[in-house]
Amino acid sequence: MSEKPRIGVYICHCGLNIASTVNVKEVVEYAKNLPDVIVSRDYVFMCSTPGQDLIKEDIEKYNLNRIVVAACSPSMHEPTFRAVLENAGLNKYLLEMANIREHCSWVHEDKTIATEKAKDLVRMAVAKARLLEPLKEPEFEVQPNVLVLGGGVAGMRAALELAHWGFNVYLVEKSPTLGGRAALIGWIESKRRGSDIVNAMIKGIAQNPRIHVFTNSELVNLSGFVGNFTARINVNPRYVNEKCTLCGECSLECPIDVVNEYEFGLGRRKAIFIPFKGAYPQTYVIDYRVCVKCGECLKACRYGAIDLNDKPKTLDVKVGAVVIATGYDPYRPFMGEYGYGLHKGIITLFQLERILDPEGPTHGELIIGGKVPKSIAFIMCVGSRNTTPNAKNYCSRMCCTSTIMNAIRIKEKYPDTDIFIIYKDIMTYSSDERLYEEAGKRLIKFIRFEEPPTVSVGPEGLFVNVYEITLQEEIRIPVDAIVLSVGMVPRRDLPDLITVTRVGCGTDGFIREAHLKLRPVEAPASGIFLAGAVTGPKNIIESIKMGSAAAARVTALLSKGRITVEPLTATSDKDICSGCEVCVGVCPYGAISMTEMDGKRIARVEETLCMGCGACVAACPSGAMQQKGFKDSQIMAQVVASLGGV
Amino acid sequence: MSFEPKIVVFACNWCTYAALDLAGTSRMKYPANFRVIRVMCSGRIDPQFVLEAFKQGADGVIVAGCHPGDCHYINGNMKTLRRMTMLRKMLEDLGIEKERFRLEWISASEATKWVQVAKEMVEQIKALGPLKSKLEVMV
Amino acid sequence: MEKPKIALYWCASCGGCEESVVDLAEKVLDLINVVDIVFWPVALDFKLEDVEKLPDKSITASFINGGIRLSEHEKVVKLLRSKSQYVIAYGACSAWGGIPGLANLYERDEIFKRVYFEVPTVVNEEGILPRTYEDKNLGIKIEVTEFLPRLLPLDRVIDVDYYIPGCPPTPDVTWNAIQILLSGNLPPKGSVIGASSRALCDECPLNKTKPEKLLIKEFKRVVEITPDPEKCLLVQGLPCLGPVTRGGCGALCINAAMPCTGCFGMLDRVSDYGAKALSYLASVLDTEDEKEVEKQMEKLVDLVGRLYRYSLPASKLGGKVIKRR
Amino acid sequence: MVKEVIIDPITRLEGHGKIIIVLDDEGNCQKAYFHIPELRGFEKFAEGRAAEDMPQITPRICGVCPMAHHMASTKALDDLYKVDPPRTAKKIRELVYNIFMLEDHALHFYILAGPDFIVGPTAPKAERNIIGVIGKVGLNVGKKVIGMRKKLRDLNTKIAGKVIHPVFGVPGGISKPINEDIAKELRSVANESVEFALFTLKVFKDIVLSNKEYVNLITSDSYTHKTYYMGLVDDKNRVNFYDGKIRVIDPYGREFAKFDVHEYQNYIAEHVEPWTYVKFPFLKKIGWKGFIDGENSGIYSVAPLARLNVADGMATPHAQEAYEEMFNMLGGKPVHHTLANHWARIIEMIYAAERIKELAEDPEIMDKNVRIIPTSTPSVGIGVVEAPRGTLIHHYETDNLGRIIKANLLVATQHNAARIALSVDKAAKSFVKGGKVDEGILNMVEMAFRAYDPCHACATHTVSNSIPLAFYIYNSKGNLLRVLVNE
């Protein structure tokens, strides 16, 4: 652009996050001498309101036309600072960020080295900023439909709200039924069961014409982009239709007998079964993975509800946004971890939930390993907080509350049971603290450990050995049963989903939010939203809240019917293009076509189809094709600057 | 003072750049020899950039993107694979040791892989010595 | 008013550029009517002294062809620079080093070794090498002008105003350039003049025969196929460099059913011909398998020699990075 | 001390072929050095290239005779890939090659050497160029020459792709057949060519042979060296530019050797001198005896006169007629007068033109089968042609991918380098006496040069057709006496 660059450079301390390793003042001084830099400042938190105002005021005061912010990763605060430019009346694409936190202060220790690197990063940013140009965001229509992945509480909540706001929802659940984990476990305020909430939601969904439910189904491909995705869904056969009356004759005849995952491995089930009472759709279903199509069930069924010729279907749906709410897996202790698998008396918290459930394998009777235990020890933080070598390093939070809640319920029903809770720390945050108090009243014994306890399994029974820190001695507790309070881990199939949806993966293997505070229910990839335990451990209430939040964000995105996207698209220079057609073959979106212009056959880019990957730019043999915001000249300037040049 | 290689990294926004962010948020430590240039997709990386980096005195260059099949832009990284495979050969013909130029697939979650690649490359290039001195031959 | 003065000079040139000027044929006579040629070693008997006698900047334009190979070339072009208002790098060698620039893949010693020792016909037991020679018994010294470590394009030695591309430039291109220079309204300094601003495809008669998606399964060598002369050669697998090469030649090689080898050089927005050519060829190759890429690379046989055929000395690396001893 | 006197003038005289003459105590020429400053190293950087690219790479050795290198290289590829091109392909190659010989010889006679004769050796330098020639023979003739060359070169552009640095030669044939339009044009140009060649002979006779001075000059001893001669001959020992066996005759005209190019290493060797980049080929069997002529010296000569000397005749009628005429007039074979090269060159023009006509009228050149795709694995290939300035040999060794491992190039002018040095020496001896230097030496040497039409682009890979010369004359103490420049 014609006007001479006037650059303002703003260097953030991020409290001590940057300032403790980078000599910010030195970098500020350095930046002052870089070409076209008019002003260079630092501030403790650039992203804070005062920090933003600082920039805004300078833009007006010095009529700056380019801004460089050296702070955190652009994936964190680029939107924040772009907004600042906009407010100051500058085109928001005249911003360039230098990532001196994630890429510098947090990964280096030597202050001198880190400071030098910070200078380089600022120099590179200034070099690019000098060549930045104002960009206009292309605007286009969006699909008024939403894809919700996961039929648990978070997904169902989101689906219900989106439908309420008038969007069509495709609710895709991998298992044969809606409900998710909450349908099987969990209590709210120790009185309402998770399944009560689930049933209420299912009712609402079943009645809502805007919500299209696909069970036994999964997303296999997601193409397109925010506002206009095309989702390919594989629908696996149920083999049982709505004529089913739940009489259950079929199941009696079925010869296939497998472990019942809906009881977390406690009971067994047939190939044709109903996951649990109140499952939706309200029919039996044949597990397509294990059924051998022997036809016994066909004979047994008097209602013609079974069709073994049912085939898998694939369908494409066009959606404007995607909500990922696929939940979590319970941590599964390895064989021998605290004796797990070596003794019938050792179970997990999830299994206990089922045992205490009236619909469960023991119809609510406390029977563990075939007998009613007189004494139970709960071992906390199993698989969490680095208690054992292969444990996760994070805390699942809900296990403390859940453990204590179940202990209390046992005490209510079996007051004589001796209950020990062997814990590392207790995290009954917010109102759950009351449960902790009540547990005390009910004489549930809490034993704190620093070194994880051990379990000995022998002919004389079960023992938990733990070093009691108040007694300062090793104690040996004989018990009839041990419950391992396991936490939540990412679903085993989550990596596949991350691949298909191209969202980022976080430290602990859950999906990473675009920004923990600013965009907590969004994935970095625009148009994709997150709800529930898919981003990390949550309890039922939190998951439901997040479902609502995601729905609200989607509504905000799609309600206008049109949206704008980043204009980092490719354009072809009609005065240089030779019409060689190389770009056409390279474009993965079919966004480039050949067209006649003043007698020349040249390439034309369809802006709404162009996703801005830049593959055609690298391919263009004559440099006619350039990408906005990533021009050859701009990147070359960074390369030169990265090696000391200006 | 001992030789500290200068290494330019061209990283795609969605995988490798994010992996470096993750390395940061996880407070991992790695050598400070790298200067990262962010592009939306590794498919944008023009071999001219790599040569310019060497011309400007880089001792090494890394081109990094999403794993095959994981490209945010369907198959941009496959174009990168083709270009950089050919470029590697051409650089060797031009006397630039293969250790100085790497094509790496580093996903958003592979911060540890990045750190390992970073450490390894700095070691290898320290062993090779500076490239600039070899370019001096140019009159 | 007096006619503008023109000088023509060759450095490490094959003389093809001179021939191309002679190929202006009757136009040469027209030219002589509008300009005074004050220096042209190949055709006219004016000597360097005549040039030295001229006042600075008194030559309107010097057309210099050939790369800078010997210390001697360096000296002459510096003289011409001081005497000329405009210096025009004429032809591929002068502009980017040209084919003799491929010598930059080897060290000076390797070249001498091959030429004066290794070739099968040489008989050289005494191990004689041409170098500044002192005849002891006669007590005289014969200076053999120095063979520079690397061949250089003209603009690495002196300031160049304009470039005329081609190996050699075609008479049309030369004539266009001369018209531009005589016209008075000159393009920005550093411009390539006389040729097209678009790649060869723009003027290639076969461009329209391309399929919708330009992707090819495998590269072919000219030794292995006889291409259909009416179909795009690239589509038939021949690594034609037309897309990455400046137009203006009229697609001469393609008219002879041979792929473009890039003698008109790169376009304005490209900074390294070979790297850009590589990127383009890799882009049209239709495979996602590394092994297959390597296999197809074999078909190109000689990446550097093919993609930097005319421009190695002007490339970002300038030649092979010599291992330090 | 010596250094001082030498450096200063050299910097003043860049771009000149340097001749250093050292006198003995009597002030007579004791030794003469001739130094052409140029080297580019094609033999080395050919290594690593794809063999099929050589026909396009090697022409850059010389843009004055690129077709010669293109053709020698293409023939080396036929040999490399053991493939025999279809008859039509060979004929088109030979046709194109003769068109090239004709226009290149015309260039030399009218534009490079012509001035010596047409304008006259004594005319002022400023007139001794093509413009001067035109002044003398008239603008029409000038236009005729320029026009003829243009037609011939345009024709080769159409068939070979480019006339400077052709591209049509491929192993096993040529890239594209001839179409009807080209054939038509060809036939008309062919007739014109013969007429033009005969006209050129007439010009030569009228202006040169009718002038006693010139004839004496030609036959004068100063321009005479009794050396061996080398050239290609067909199966009837007649001159052939495109193909044949290499024949060598001794200074008495007896056949010394006749061999296939594959045996060239047994017959030809190269000598290296420290004071020039040019290598001096010599006959291996006789050996390098220094810069002397005669039967005991391995020095030999190539180019038009040599070709006619080694041949028993010409393959076309008018050329044969002119051939006999020349040898009769100059006293039979072999002719040792360097300046007779000009005459021989015109005779070759006639042959080329007549051969063009024969081929142009041969219906077979219209055949569409002009290419055979090679199937064998490459290893070694050697090719030869007669370039305008003499025998040209390309020799490649490759890996089985066809990538060049080794290359050797024996180029035309190079074969004459030693004989040129002889001329210089002889001139020095006869023009420098008792410390007095007759400036006629400049003219004399320069004319000798032009006769060879030395293309130092070929010999050492740069052109200096204008042969600017600088003479450094030293006394026996090694002190520079004076510097002579040919102005």
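Let me start in chain B. Helices α1(B) and α4(B) are roughly perpendicular to each other. A reminder before I go on: this is a predicted model.

So what angle lies behind that word? Helix α1, residues 16-25 of chain B, and helix α4, residues 111-128 of chain B, pack at about 95°. Angles of 65 to 115 degrees count as roughly perpendicular, which is why the pair gets that label. The two axes are 8 Å apart.

Which residues make the contact? From α1(B) come A19(B), L20(B), L22(B) and A23(B). From α4(B) come A111(B), W114(B) and V115(B). Now sort the residues of this contact by class. Seven are nonpolar. None is polar, and none is charged.

Stay with chain B, and look at its partner, chain C. Here 28 residues of chain B are in contact with 28 residues of chain C. Which elements of chain B give two or more residues to that side? They are α2 (47-55), α3 (76-93) and α5 (132-135) of chain B. Helix α3(B) gives the largest share, 11 residues.

Next, chain A. Its domain assignment has four parts. Domain 1 covers 7-129. Domain 2 comes in pieces: 145-236, 313-327 and 491-562. Domain 3 is 329-489, and domain 4 is 570-628. How far apart are the centres of domain 1 and domain 3 of chain A? Taken over C-alpha atoms, they are separated by 51 Å.

Now a sheet in chain A. Strands of a sheet pair through backbone hydrogen bonds, either parallel or antiparallel. This one is open, has four strands and pairs in the parallel sense. Read across it and the order is β2-β1-β3-β4. Which strands sit at the edges? Those are β2 (37-43) and β4 (95-99) of chain A, and each pairs on one side only. Neighbouring strands are turned by 15° against each other on average, direction ignored.

Zoom in on one pair. Strand β1 of chain A, residues 7-12, joins β2(A) over six bridges, in the parallel sense. Take V9(A) as an example: its bridge partner in β2(A) is S40(A).

Last, the helix over this sheet. Helix α3 of chain A, residues 74-87, lies across β3 (66-71) and β4 of chain A. Against β4(A), helix α3(A) runs at about 150°.

Note on methods:
Residues numbered from 1 in each chain as written. Chains lettered and ligands numbered in written order. Predicted model: local features only at pLDDT ≥ 70, side-chain atom pairs only at ≥ 80, totals over all residues. Pairing = 2+ DSSP bridges. Axes fitted to C-alpha atoms, helices over the stretch in contact; angles between N-to-C directions. Contact = placed C-beta atoms within 7 Å. Domains from an automatic or database assignment. Parallel < 35°, antiparallel > 145°, perpendicular 65-115°, else oblique. Nonpolar A, V, L, I, M, F, W, Y, C, P; charged D, E, K, R; others polar.
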